Amino acid sequence: MKVFISFLIFILFTFSVNAELLNSNEDMIGHTYGIAQDKKGVMYFATQNGAFLYDGQNNLALSEVYDIPNAWVRDLRYYEKTNVLIVGFESFGVYQVNLTDGSVLKVSSDNSYVISLSIQEGILVLRLQDRMEFYRLKDNTQLNLLLTNPKIKSSTDGYIDTDTGLYQFSKNQYTLIDAYISKRSKLINSTNGLVAWRDGKLNYFDKSNRSISVDWPTVPKTMYVYENTLYIERNGDILTLSLFDLKAVEGAIKTDLQRIRRVFIDSHSNLWVVSTNEISIFKNNIEHNSLQKKSENNRMIKHGDTTFLSTDDGVFIKTNESYRKINQSTDIGNIINDLGFINSNLVIASNTGAYLYNLETQKIKKIYSGWVIGVHQIDDDIYLATDTNGVYIVEAQKAKPVPYINIALRSNEILGIKKIDNLIYVLTGKGFLIVDNKTATVHATNLYKVIDIIKFKGDLYLATFGTGLYKQVNETFEQMPGPTHIIDIVQHEQNLVISTSSGIYKYAESFSVIPGTSKLNVTPNSVHLKGSLLRFGTQLGISTIDLDFIENKIFPVVNYFKLGERVEVNYPLEVDLNVETTLYLSINDFFRSVEYQYYLNDKWISAID
């Protein structure tokens, strides 16, 4: 009999802890030599007990699913272009596993004692015990790319450290980038360059092979680069460093794990820490989108399907998957302070003025000369907040002063303009104005650098850069204990979310810093809240936090199924119930536990793992 099977999924709970320990498959726990993740989110582990996969629900030996040996695996790599997993064994050579159709291809002979694998420009590099071998991935043709056979100290994608120096791979050849010959070495590549620990020095080489170096006496057991952040082990802790200066971005991640062997960042930015006998996952609720060049002030704004990015290097528009600089030939200043939109024009605020970039003609027009701090939309109008000349409104592609506001100012430094309960609040370097039907009144002139205002649970709160948060009590504002240098303040559900020059805080009855943000310097005029997603700029680039940490919709998938004793990867629409069948379902999420039911003969029946 053949039947169609449907599934219903129930979320039992979402983990509120930071780490989840994987120990349900003891064979998977041990000496781990490599970690990879495919485009579906499935994790793969190379261990002395074989290769294993984990999809959040199922732990399986890879040899149960694919026709490969069940033996010591020294390394594995995922190649997304052809959706293959490359598995390097200690004594059985190297195999390519096609994750689409389940086919297996042997790449090298059994006597290939693999130390590590790397992939560079479509070429698979095998670092073996006594040599290196090269294979073109598209057809598995073996290549001869080294005229000599150097002694390899360490290797990573695109780089090798040898007894003749440090080399970079490009256009099918190796080029010397550092003639220093190290005794001990560890390498890890990034999209923007290379991190190399060599004889007590931690070095970063960018794409142009410019390098910076800091003292790092202890040998790191493992390193991993994600975007422009280096995760590096030191004395049992995981430190996060910025690649731009190799300085700490955040406090050490305390793991309490002994003998850390690997760290890995998955597609959801979760941190995996693998020790000799445990695997821990630290949920990362912050996603960083880094930049290719160091930039302290970064902001992103979206208008329909178009994305704009401002950095210390100018203003960029996103085309396809890359960014194009819009001010190649036009000087718009060297400090971009804010971005906004009016009709089909991008409004740019900088240290030299305000500019309109027309999306259709791609031409830039200057409409104001002088330092512009911000661009603020009130209803259908765009206002410019200037440094010394008060408030201007943009009309007919011109900037015009607003006399009824400017005449009442006690400070011409405008730091923000907001609308609350049909009243316009003009925030200044000395107090703020309330504008009601073009009549402006002055308030709180004893407060300096008022940068934001919000109504929260019926009360007004003022945010300042220098003395922190104030709450209105009767006719005065009382200072509240908490962060002092505030950049922005928004409300999410029953909390205020306060962005500062030293992290992001939540406030309900008291202040608490959002984990992972304590050293982030939030860029002014960069904070955008949409639903539960908070997007903001920092010295790392553009970052996003899910303030809820919960996805509203999840869907189960059948990653594998077992017919009798045989595990298959391609799931049929019909299942023959005359053959014992096991379905391996998952939501490809590593932080939730779920239950399943199946529908058969007009009934829902609980499924058992």
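Asparagine 203 is buried, because its relative accessible area is 12%, below the 20% cut-off. The model is a predicted one. Asparagine 203 belongs to strand β22, which spans residues 201–206. Its side chain reaches the backbone oxygen of lysine 201 at 3.3 Å. Leaving aside residues up to four places away in sequence, asparagine 203 touches Leu194, Val195, Ala196, Arg198, Ile212, Ser213 and Leu246.

Turn next to glutamate 90. This residue sits in the loop between β9 (84–89) and β10 (94–98). Glutamate 90 is also buried, with a relative accessible area of 16%. Valine 73 is 17 residues away in sequence, yet the C-alpha atoms of glutamate 90 and valine 73 are 5.8 Å apart. Beyond four places in sequence, glutamate 90 touches Trp72, Arg74, Ser112, Tyr113 and Val114. With tyrosine 113 there is a side-chain polar contact of 3.2 Å.

The charged end of arginine 74 sits over tyrosine 33, 4.9 Å from the ring centre. Arginine 261 lies over the face of tyrosine 33 too, at 5.3 Å from the ring centre.

Now the aromatic pairs. The structure holds 16 of them. In one, the ring centres of phenylalanine 89 and tyrosine 95 are 5.6 Å apart and the planes meet at 80°, so the pair is edge-to-face. Phenylalanine 89 is buried at 0% relative accessible area, and tyrosine 95 is buried at 11%. Tyrosine 507 and phenylalanine 511 form a tilted pair, 4.7 Å centre to centre with 40° between the planes. Tyrosine 507 counts as buried at 8% relative accessibility. Ring pairs link Tyr507 and Phe511 with Phe456 and Tyr461 into a cluster.

Terms used: Residues are numbered from 1 along each chain as its sequence is written. This is a predicted model: local features need pLDDT of at least 70, side-chain atom pairs count only at pLDDT 80 or more; totals for chains, interfaces and linings use all residues. Side-chain values use heavy atoms; hydrogens and water are left out. Helices (H or I, at least four residues) and strands (E, at least two) are DSSP runs, numbered from the N terminus. Buried means under 20% relative accessible area, exposed over 50%, partly exposed in between (1.4 Å probe, protein chains only). Contact means heavy atoms within 4.5 Å. A polar contact is a pair of N or O atoms within 3.5 Å; within protein, one must be able to donate a hydrogen and the other to accept it, and residues adjacent in sequence count only if both atoms are side-chain atoms. Rings of Phe, Tyr and Trp (its six-membered ring) pair if their centres lie within 6.5 Å; planes under 30 degrees apart count as stacked, over 60 as edge-to-face and the rest as tilted. A charge sits over a ring if NZ of Lys or CZ of Arg is within 6 Å of the ring centre and within 35 degrees of the ring normal.
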